[in-house]
Amino acid sequence: MNNHTKLKWNELKLSYQPSDFSFTTTEELNGSNGIIGQESAQDALELGLKVNAKGYNIYICGECGVGKQSSIMRILKQQAHNRNTPQDICYVYNFINPEAPRLILLRPGDGKKLKQDMDEFIQFIINELPLKLESTEANKKRQTILDELDSEKEKLLMELSETAEAVDILVKPTKEGIGFAPLGANGDIISKEEYSNLSKKQKAVLDNHLSELYTLADEIIERVTAKEKVCLQELDDLDKEICLNEIGWAFKRLKEKYQMYTKIVVHLDEVCEDILEHLSLFAADSEQNNKEMKQMFPWASVNELQRLVKKYRVNLIVDHTETKGAPIVTDNQLENYNLSGKVLLDSELNMLHSDFTNIRPGLFHKANGGYLVLRVQSILENFGDWLAIKKMLKTGYIYVENPEDMNLATVSAVRPEPLEADIKIILLGNYDFYQPLYEHDEDFRKLFKIRINFDDQIDNSKDHVNNLAKAIKQICDEEDLPHVSLNGIIKITEYGNRIAQNPKKLPANIGTLLDLVREASIYSKDIIDEKCIGMAIKQRQNFKLNLESKIDEKIMDNVYLIDTEGEKVGQVNGLAVYSIDEFMFGRPVKITATTYKGKLGIIDIEKESGLGGDIHTKGIQIITGFLGHHFAQDMPLSLNCNICFEQSYSGIDGDSASSVELYAILSSLSQVPIKQGIAATGSVNQYGQIQPIGGVNEKIEGFFKICKERGLRGDEGVIIPIQNKKELILEDEIVDAVKMQLFHIYAVTTIQEGMEIITGHSYEEIERRVREKLMKFNTQRDLK
């Protein structure tokens, strides 16, 4: 046996000492909520944010809780602070094309002012304009115009009457216009009989007079009609004059205030023209008509005046009054907003319709001019969101979602003017999302050219431990928790090493370590020391311990046949790891091998029964390769071998037991027994080199626990790959047992070393016996 393979007690747990640090409790430190580690990812993110070229959006890879979100938000805030605040976004009515609302962009804060100014203006014209139009002075002016019209009408009718009377004809107004009736000698209107009794000459004279009078009447009617038009124009001009006198100053003030915005000045001119065209709606009788309509159609919610002034409103969809620098928007708001915005629908008279006031912003609008942080999973759960992102990035414009896009028929649909996009998209996801997107979506490769990786582990350096202690100090202060002692910090670090399964690493997700402090705080009101941390860890593991105890009970009751003393041929204790949720624990499993003459080779019972996975099957083939390489250079490899994980009734995969299976086969062939007090783990290659495996600490602890419960005799131990030596973070009781020579850990590099340890025989002797057995199998086959 090579004694140099046995590990010393101080090699089993690499841990910091209190002398490595300059503080005794976290109370002495300054708190910090900064990110620990991830320096390269943060540097890459800072550089990526500075690239403004098209397509340089960012995909950030990393598991949840490794500091992605907090790192991004911190860096984004720094970048955003140095950028200009984007413009406010408004939509107004388009008087030329109402279905295409106009987009107006204003300096931060001006959008809110414009909306307030227009709301005040609308309220003013609703309340004040009707009063001015119906004032005594205005009515006097109207009456003067109407009196002049009536006077002119009377004058013209008088002229016609005098002309008619001169030829004994009476002017007789009718519904159709002006009529005439000839008079007799007695001054009465002649009858038809009297007219028929007139001579031809008299009839000719009368007809001539009537013809002249009708011609004169037509001329008078034309003059009256012309005068009425003039009168109506004068009345209209009067109303406009009153209106302009009343609202002109308001328009002048607004145009002066917003003179730097050409679109607003044009819009105000159009508003003014529209008011002048619809002055009749501001009259008192218009309000009366609205009341009558309301009585007839009570479900009609908006009267004509309200419908008119609604066109003058400003729909401010993004207000940056309080924004400092570039906006930072996350998908936490997706519950209330979609990405592209939308147009709401109103129902009136059982018909759907919409207008510019129903435009609602999306996250694109809110993030424009800044940054939008989205989780890939939430985006891909609604594929329409992914299509919207690609459309916005490819076209460079933000298009508001229209009801027609959702196949909803409306009386009036609106398509708002699109907004030019200026957004840096940052996607948060993991590699499982990234790879299929990169491989199968050509647009993704063009639109997200920057990929940044956040590691799920960080170095277990002194600086990082100090930073972890500062983060713990921060939550202790914020949440009024007891402070943590230095030994408590070291215990937390060791727990982090176990999570990372590497004493040189810590989990990048320090949230679980901070939670451990919170959980440990219930055990002390003064200081959280290593005992409190230990109790919190034990409490976390209660669920795991319950599962372990059930397996241990079956082992101790010999339901599961696990031997930990004596020697047996072809039987070896392998080590399995059970994973349930976030918990892992190891326990031994008996692996057996039987060999006999034949030519079927190695038969994997697990595979034959449908329980073996592909990687386990690969391990079996590697074992076959080892046997062929070492023992079949001069003769065919002729044997039958059955290999089995005893009392295993669920799926088995992985190759971490392939060296153990080979130990069992070599024992069966050589008839050299294996020590049952030594368990083993490790993968093997075709040349007999031992390769590293996962869960090494859990496997050692699992076998130690069984041996401890049966009583340690001093010859028990575990064989592990030498590469796993650097990952050892074993529990203190195992370290103490090794120190007292009650338990042993062997680190091996080859199958030969492992066989010598697990059997106590030299490998030369084992190899000779195996070769003799295989030659015997081969000779017996040749004789047949």
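**Close-up 1. D480 in a loop.** At 69% relative accessibility, D480 counts as exposed (buried means under 20% relative accessible area, exposed over 50%, partly exposed in between, with a 1.4 Å probe and protein chains only). D480 belongs to the loop between α16 (462–478) and β18 (483–484); helices (H or I, at least four residues) and strands (E, at least two) are DSSP runs, numbered from the N terminus. Its phi is positive, about 55°, although D480 is not a glycine. Most residues other than glycine have a negative phi. This is a predicted model, in which local features need pLDDT of at least 70, side-chain atom pairs count only at pLDDT 80 or more, and totals for chains, interfaces and linings use all residues. Residues are numbered from 1 along each chain as its sequence is written, and side-chain values use heavy atoms, with hydrogens and water left out.

**Close-up 2. Q741 in a loop.** The loop between α25 (732–739) and β31 (743–748) holds Q741. Q741 is a residue other than glycine with a positive phi, near 60°. With a relative accessible area of 46%, Q741 is partly exposed.

**Close-up 3. Helix α26 and the residue after it.** Helix α26 spans residues 751–759 and is mostly covered, with eight of its nine residues buried. Those buried are I751, E753, G754, M755, E756, I757, I758 and T759. Just after α26 comes G760, with a positive phi of about 80°.

**Close-up 4. An open sheet of three strands.** The strand order is β3-β2-β6, with antiparallel pairing; two strands pair if DSSP finds at least two bridges between them. β3 (102–106) and β6 (315–318) stand at the edges with a single partner strand each, so one side of each has no neighbour in the sheet. From one strand to the next, the twist averages 30°; axes are lines fitted to C-alpha atoms, for helices over the stretch in contact, and angles run from 0 to 180 degrees between N-to-C directions. Strand β2 (residues 88–92) pairs with β3 in the antiparallel sense over five bridges. D88 has L106 in β3 as its bridge partner.

**Close-up 5. Two helices lying across strands.** Helix α3 (residues 110–127) lies across β2, β3 and β6 and runs at about 30° to β2; contact means heavy atoms within 4.5 Å. Helix α8 (residues 262–277) lies across β2 and β3, running at about 130° to β3.

**Close-up 6. Cysteines C476 and C707.** C476 is buried at 2% relative accessibility, and C707 is buried with a relative accessible area of 0%. The count of disulfides comes to zero, a disulfide being a pair of cysteine sulfur atoms within 2.5 Å.
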